[in-house]
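This briefing walks through one protein chain, topic by topic, for a reader who is meeting such a description for the first time. Please keep the sequence and the model in view while reading.

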Amino acid sequence: MLWRDLLELRSHPVPIAPDWTTIARSGVVFLAAHAVLVQTWRSVLGCWDARLPFWTAARIWSVSNLGRYLPGKIWQIGAMGAMARDVGVSPIAASGSAILGTLVNILAGFVVALLGGRALLERSSNGHGTLAIAFVLLAAAALLAAPALLPRLAPWIGRVAARPVSVRLPTRAVVYALLGNLVAWLIYGAAFRLFMIGLLGGAAGGYAEYLAAYTISYLLGYLALFAPAGIGVREGAMVTVLVYAGLATRPQAALVALASRVWLTLLEVVPGFLFWAQAAVRRRPPTIDHSDVPT
């Protein structure tokens with residue numbers, strides 16, 4: 001379907017050339033959301049009296065994030081816990097923070113998607129007022145229940161990920177994780193809107209609609225465990241939401257879905273690869289120059 005829509009785009013081309021400056025700005029904003037998540041993870045670790053320098057935490061977070069590109073998604077949790085233990089973080093803090101981060105990221109994403117989904121419903125039709133209110137109430141209930149609910153879910157997720165959590169998650173850690181992930185999702189929405197403006201030359205809707213479109217498609221791709229990094233699922237969902245909300249035509253939505261896949265993959269993979277390469281160079285033993293050694 002994406003390929004068909006792209007072929008149709010050839011007969012209805014985008015009239016404006018991409019604004020690479022705006023697209024670059026969207027990349028900077030996207031990386032700022034990454035930085036928020038790294039700092040959030042550091043704050044959560046602090047609830048277990050574990051401390052990591054920011055750039056060490058950024059390296060662990062970015063490299064372990066590459067695990068999302070393998071089927072199953074749990075590799076990211078295992079890698080983060082193992083790498084954190086390698087730099088002296090206790091196994092309880094390493095595993096607990098990794099599992100908590102995954103749980104809260106998904107929950108916060110659903111809250112944001114529900115709140116943004118209200119804007120989509122109002123934009124697409126005026127007859128969904130009751131459903132929109134229900135979305136907002138559901139999102140608020142999930143947010144209020146999170147500090148009590150997540151510690152109960154963590155042991156189950158730990159068994160699935162083969163990273164058992166031996167103690168209850170501190171409530172303070174749940175609150176930190178919720179706030180940080182909510183802020184990150186909001187920044188991601190701004191980055192996606194900037195990307196669409198740079199690619200298509202303008203925005204057909206407000207911030208909330210783009211926030212919902214990005215969040216909904218990302219979550220559906222993430223929850224598709226069989227698809228590495230949600231490939232295919234995320235793009236299909238993004239096209240559907242963008243067209244449903246009237247934010248783009250089908251050919252334009254297909255272009256945005258595929259272009260954003262390439263752009264976001266670069267922004268996720270390149271930092272992780274650079275951190276990994278830097279660590280590999282540091283671990284390499286020094287070479288000895290034998291030219292001045294007498295035989």
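The chain contains 10 helices and zero strands, where helices (H or I, at least four residues) and strands (E, at least two) are DSSP runs numbered from the N terminus. This is a predicted model, in which local features need pLDDT of at least 70 and side-chain atom pairs count only at pLDDT 80 or more, while totals for chains, interfaces and linings use all residues. Residues are numbered from 1 along each chain as its sequence is written, and side-chain values use heavy atoms, with hydrogens and water left out.

**The chain as a whole**

- Of the 295 residues of the chain, 45% count as buried, a word that stands for under 20% relative accessible area, with exposed meaning over 50% and partly exposed in between (1.4 Å probe, protein chains only).
- Among the contacts with a separation of 6 or more, 74% are between residues 24 or more positions apart, a contact being heavy atoms within 4.5 Å.
- The chain exposes about 14,600 Å², and carbon and sulfur atoms supply 69% of this area, which is computed by the Shrake-Rupley method with a 1.4 Å probe, and for residues only the protein chains shown count as cover.

**The largest nonpolar core**

- In the largest nonpolar core, which has 67 residues, F192 and L242 touch the most other members; such a core is a set of buried Ala, Val, Leu, Ile, Met, Phe, Trp, Tyr and Cys residues joined through side-chain atoms within 4.5 Å.
- Several elements give two or more residues to this core, including helix 2 (20-46), helix 5 (91-124), helix 8 (207-223) and helix 9 (233-244), but the largest share, 14 residues, comes from helix 7.
- Leaving aside residues up to four places away in sequence, L242 touches F192, M196, A213, L247, A248, A253 and V256.

**Aromatic rings**

- The structure holds 11 aromatic pairs, counted when the ring centres of Phe, Tyr and Trp (its six-membered ring) lie within 6.5 Å, with planes under 30 degrees apart called stacked, over 60 edge-to-face and the rest tilted.
- One of these pairs joins F54 and W55, whose ring centres are 5.3 Å apart and whose planes stand at 85 degrees, so the pair is edge-to-face.
- W55 also pairs with F275, and because their centres are 6.4 Å apart and their planes are at 40 degrees, this pair is tilted.
- W55 is exposed at 61% relative accessibility, F54 is partly exposed at 27%, and F275 is buried at 15%.
- F30, W185, Y188, F192, Y210, Y214 and Y218 form one aromatic cluster.

**Two local details**

- S97 lies in helix 5 and is buried, with a relative accessible area of 2%.
- The side chain of S97 makes a polar contact with the side chain of W41 at 3.0 Å, that is, a pair of N or O atoms within 3.5 Å in which, within protein, one must be able to donate a hydrogen and the other to accept it, and residues adjacent in sequence count only if both atoms are side-chain atoms.
- At the start of helix 2, a side-chain oxygen of D19 reaches to within 3.2 Å of the backbone nitrogen of T21.
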